Amino acid sequence: MDASARATNGFYLDRQARRESNARSYPRRFPVALKSAFGSTVTDVEGRTYLDCLAGAGTLALGHNHPEVIETLQEVLSSGLPLHTLDLTTPVKDQFIADIFDTLPSGLREEARIQFCSPSGTDAVEAAIKLAKTATGRTDIISFRGAYHGMSQGSLSLMGSLGPKAQVGQLVPGAHFFPYPYAYRCPFGRGGEETASLAAEYFERALRDPEGGINLPAAVILEAVQGEGGVIPAPAEWLRAVRRVTRDLGIPLILDEVQSGIGRTGSFYAFQKAGIVPDIVVLSKAIGGGLPLAVVIYREGLDLWKPGAHAGTFRGNQLAMAAGSKTLEIMERDGLVERAAIAGRRLRANLERIAAETPYIGEVRGEGLMLGVEVVDPAGRPDALGHPPHGPEIARMIQNEVFRAGVILETGGRYGSVLRLLPPLIISDEEIDQVSGVLASAFERLGRKAA
């Protein structure tokens with residue numbers, strides 16, 4: 001095969017289609033072979049450059065190939081440090097633990113324990129479930145509609161989306177799903193501020209009802225901002241109510257911050273906006289500085305499992321720990337948590353201006369640089385709240401349109417009708433405006449076609 005053939009996206013995509021699993025997903029939406037990346041941009045083998053608002057599904061807080069992180073990795077590689085250490089300690093690991101503990105809120109930081117897991121967030125969720133069951137002696141877990149906690153058996157059992165579970169059959173028993181305060185598509189048909197108060201009251205009544213049919217659970221697990229579920233921020237008052245009830249009933253509260261943590265939402269952890277302190281925090285994605293790393297942090301009173309009760313061959317990823325420490329250092333030095341809040345307000349304001357000009361956007365929502373645009377079909381029958389139905393086909397059209405114009409963004413939420421924006425925290429104002437301009441043009445063209 002000559003070099004010119006290898007310089008096309010089609011060459012690599014054809015080979016990928018012949019070799020890789022049918023479960024592959026992103027190449028179906030973004031048919032490119034990537035060659036290089038820096039900051040907020042990626043470049044394919046044909047030389048086209050794209051603004052990356054996917055960023056490893058929120059993994060790349062500092063964007064692609066941050067020079068200081070690359071330098072740190074090179075230093076580790078040349079130092080002679082063992083790269084594979086299981087759970088043996090090293091100076092790099094010790095420093096990472098100190099750095100991540102410094103980010104914890106008071107009330108957890110002083111009594112924190114950490115468990116390193118295999119590299120993915122789903123394994124950390126599995127560890128958190130196992131920890132809670134061990135510590136409480138109970139078996140049931142409460143999750144919420146729209147939740148996403150991973151793809152392994154236990155975490156999949158806690159997922160709201162039915163698609164990935166449909167052909168699997170019986171998963172881990174004992175999962176119970178409660179309404180999440182999704183005001184735009186209110187599960188109670190009320191909407192607005194009532195959604196949060198009704199969800200909180202329903203949650204408390206169900207757990208306190210001696211005829212409620214649910215055993216006292218081992219844990220409650222939730223996302224303070226649901227990501228894959230459609231970028232739905234939980235109201236602070238609902239989070240505080242869930243924390244109060246779980247504390248009163250002695251139920252460990254697990255906050256899944258795999259996607260929303262490490263500054264993504266404009267606070268270091270998404271749960272901090274409510275002023276709550278959970279019992280267990282699940283972290284992955286951005287904590288490894290772009291490399292695989294996952295941990296569970298929890299109160300020492302829960303540390304009742306035996307040696308070897310949870311393990312993982314690659315839980316000693318020294319490169320990821322070094323990159324994670326450097327990422328945390330840069331974020332603090334450069335004020336990137338505050339920057340995420342400021343940049344998020346700019347991007348959200350741009351999106352809301354687009355929404356004001358098109359009937360195809362029902363709601364713009366999110367926190368910081370974790371934003372969602374719910375796409376609707378204005379020609380469809382409105383729901384009980386007067387909102388047009390989901391517009392999954394329209395969302396896919398917009399996704400394809402902006403991709404052709406040089407912007408990568410994902411869809412999610414019910415029926416895949418939410419455009420999700422997760423750019424690196426270092427995205428510039430100019431890049432934000434460029435992304436917004438591409439989206440505005442796509443919706444404008446859509447409106448002209450429908451006219």
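Q: How many helices and strands are there in the chain?
A: This is a predicted model, where local features need pLDDT of at least 70, side-chain atom pairs count only at pLDDT 80 or more, and totals for chains, interfaces and linings use all residues. Residues are numbered from 1 along each chain as its sequence is written, and side-chain values use heavy atoms, with hydrogens and water left out. Helices here are DSSP runs of H or I with at least four residues, strands are runs of E with at least two, and both are numbered from the N terminus. On that basis the chain has 14 helices and 17 strands.

Q: What is the radius of gyration of the chain, and what does the globule rule give?
A: The radius is taken over C-alpha atoms, and the rule is 2.2 Å times the number of residues to the power 0.38. For 451 residues the rule gives 22 Å, and the chain comes close to that, so it is as compact as a globular protein of that length. The chain's radius of gyration is 22 Å.

Q: What share of the 451 residues is buried?
A: Buried means under 20% relative accessible area, exposed means over 50%, and partly exposed is in between (1.4 Å probe, protein chains only). With those cut-offs, the buried share of the chain is 55%.

Q: Which strands sit at the edges of the seven-stranded open sheet?
A: Two strands count as paired if DSSP finds at least two bridges between them. The order is β4-β12-β11-β10-β7-β5-β6, with mixed pairing. Two of these strands pair on one side only, and they are β4 (112–116) and β6 (175–178).

Q: Which residue in β12 stands opposite V281?
A: Look at β11 (residues 280–283) and β12 (residues 295–299), which pair in the antiparallel sense over four bridges. Across from V281 you'll find I297.

Q: At about what angle does helix α6 run to β4?
A: Axes are lines fitted to C-alpha atoms (for helices, over the stretch in contact), and angles run from 0 to 180 degrees between N-to-C directions. Helix α6 (residues 91–102) lies across β4, β11 and β12. Its angle to β4 is about 130 degrees.

Q: Are α9 and α10 roughly parallel or roughly antiparallel?
A: Helix α9 (residues 193–208) packs on α10 at about 10 degrees, with the axes 9 Å apart. Residues that meet include A196, F203 and L207 in α9, and W238, V242 and L249 in α10. Angles under 35 degrees count as roughly parallel, over 145 as roughly antiparallel, 65 to 115 as roughly perpendicular and the rest as oblique. That makes α9 and α10 roughly parallel.

Q: Is A55 buried or exposed?
A: A55 belongs to helix α4 (residues 55–58). Its phi is near 50 degrees, a positive value in a residue other than glycine. Most residues other than glycine have a negative phi. With a relative accessible area of 0%, A55 is buried.

Q: What is the relative accessibility of N65?
A: N65 lies in the loop between α4 and α5 (67–79), and its phi is near 50 degrees, positive for a residue other than glycine. N65 counts as partly exposed, and its relative accessibility is 41%.

Q: Which residues does F30 contact, leaving aside neighbours within four places in sequence?
A: F30 is found in the loop between α3 (26–29) and β1 (34–38), and it's buried at 6% relative accessible area. Contact means heavy atoms within 4.5 Å. The partners of F30 are L54, Q399, F403, I408, L409 and E410.
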